[in-house]
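Subject: Structure handover

Hello,

Here is the structure for you to look through. My notes follow below it.

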Amino acid sequence: MKREPTGNYKLMLGTDSQVHPSHTLFITGIVIQNVGKGAWACFRKEIVDRQMTTLHERISYETSLTEQVASFFTEKRKNELIEVVLPHIYKGATFTIEGHIDIGSGDRNRTRVYVNEMVSRIESLGMEPKIKPDSIVASSYANRYTK
């Protein structure tokens with residue numbers, strides 16, 4: 001961000017999970033994207049030593065892990081990121097923080113009944129919630145590491 005402070009930046013956090021025979025694997029993606037110019041990404045891995053087969057429990061736990069990573073971005077840390085772009089907003093620089101949730105609101109999506117609950121949790125942290133098909137960090141980036 002310091003190398004190109006006039007960029008359009010998004011800090012995106014999201015978690016996906018996969019139930020395996022002996023455990024459930026959760027991956028939380030942390031992505032900073034300069035829209036149209038690339039991204040930096042990493043992930044955090046957590047293993048629960050049992051199969052979490054109840055959908056609501058797993059979706060709720062995914063959201064909790066996203067909330068946990070979001071808590072590492074304290075007001076001080078968020079302000080440090082904002083201060084990089086702030087002097088350049090008149091040149092079009094932007095910075096947003098998004099919480100990506102691996103759920104969808106479509107009629108055929110089993111997770112649609114949890115949308116309002118999970119979106120409210122993400123909003124309460126001051127993040128912009130994103131659900132499928134816009135929750136790319138959870139449903140695409142983190143998903144590839146859960147297999």
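N34 has G38 as its bridge partner in β3. These two residues sit in a hairpin of β2 and β3, with 3 residues between the strands. In that hairpin G36 takes a positive phi near 80°. Strands here are DSSP runs of E with at least two residues, helices are runs of H or I with at least four residues, and both are numbered from the N terminus.

Before going on, note that this is a predicted model: local features need pLDDT of at least 70, side-chain atom pairs count only at pLDDT 80 or more, and totals for chains, interfaces and linings use all residues. Residues are numbered from 1 along each chain as its sequence is written, and side-chain values use heavy atoms, with hydrogens and water left out.

The sheet

β2 (residues 24-34) and β3 run antiparallel and pair over 11 bridges. Two strands count as paired if DSSP finds at least two bridges between them. Another bridge here links T28 to R44 in β3. On its other pairing, β2 is joined to β1 by 11 bridges, again antiparallel. L13 stands opposite I30 in β2. β1 and β2 also form a hairpin, with 4 residues between them.

In general, strands of a sheet pair through backbone hydrogen bonds, either parallel or antiparallel.

What is the order of the 5 strands in the open sheet? The order is β3-β2-β1-β4-β5, and the pairing is mixed. β3 (38-48) and β5 stand at the edges with a single partner strand each, so one side of each has no neighbour in the sheet. From one strand to the next, the twist averages 20°.

α1 packs on this sheet and touches β1, β2, β3 and β4. Its direction makes about 145° with that of β1. α2 lies across β1 and β4, at about 135° to β4. Contact means heavy atoms within 4.5 Å. For the angles, axes are lines fitted to C-alpha atoms (for helices, over the stretch in contact), and values run from 0 to 180 degrees between N-to-C directions.

Is β2 largely enclosed or largely open? 9 of its 11 residues are buried, so β2 is largely enclosed by the rest of the structure. Buried means under 20% relative accessible area, exposed means over 50%, and partly exposed is in between (1.4 Å probe, protein chains only).

I27 lies in β2. It counts as buried, at 0% relative accessibility. Leaving aside neighbours within four places in sequence, its contacts include G14, F43, A142 and Y145. V113 is 86 residues from I27 in sequence and 23 Å away in space, C-alpha to C-alpha.

S17 is in β1. It is buried too, at 8% relative accessibility. Its side chain makes polar contacts with two side chains: R58 at 3.1 Å and E62 at 2.5 Å. A polar contact is a pair of N or O atoms within 3.5 Å; within protein, one must be able to donate a hydrogen and the other to accept it, and residues adjacent in sequence count only if both atoms are side-chain atoms. Beyond its neighbours within four places in sequence, S17 also touches T24, L25, F26 and T146.

The core

The largest nonpolar core has 23 residues. Such a core is a set of buried Ala, Val, Leu, Ile, Met, Phe, Trp, Tyr and Cys residues joined through side-chain atoms within 4.5 Å. Which residues have the most contacts inside it? They are L11, L13, F73, F95, I101 and I103. β1 (8-19), α1, α2 (75-85), β4 and α3 each give two or more residues to this core. Take F95: apart from neighbours within four places in sequence, its contacts are M1, Y9, L11, L81, I82 and V85.

Helix α3

In α3 (residues 115-123), the buried residues are V115, M118, V119, R121 and I122. Seen down the helix axis, they fall within an arc of 160°, so they line one face of α3. The arc is that of the directions from the helix axis to the C-beta atoms. The cover over these residues includes α1 (55-72), β4 (94-101) and β5 (128-130).

E117 is also in α3. It counts as partly exposed, at 35% relative accessibility. E117 and P5 are 112 residues apart along the chain, and their C-alpha atoms are separated by 35 Å.

Best wishes
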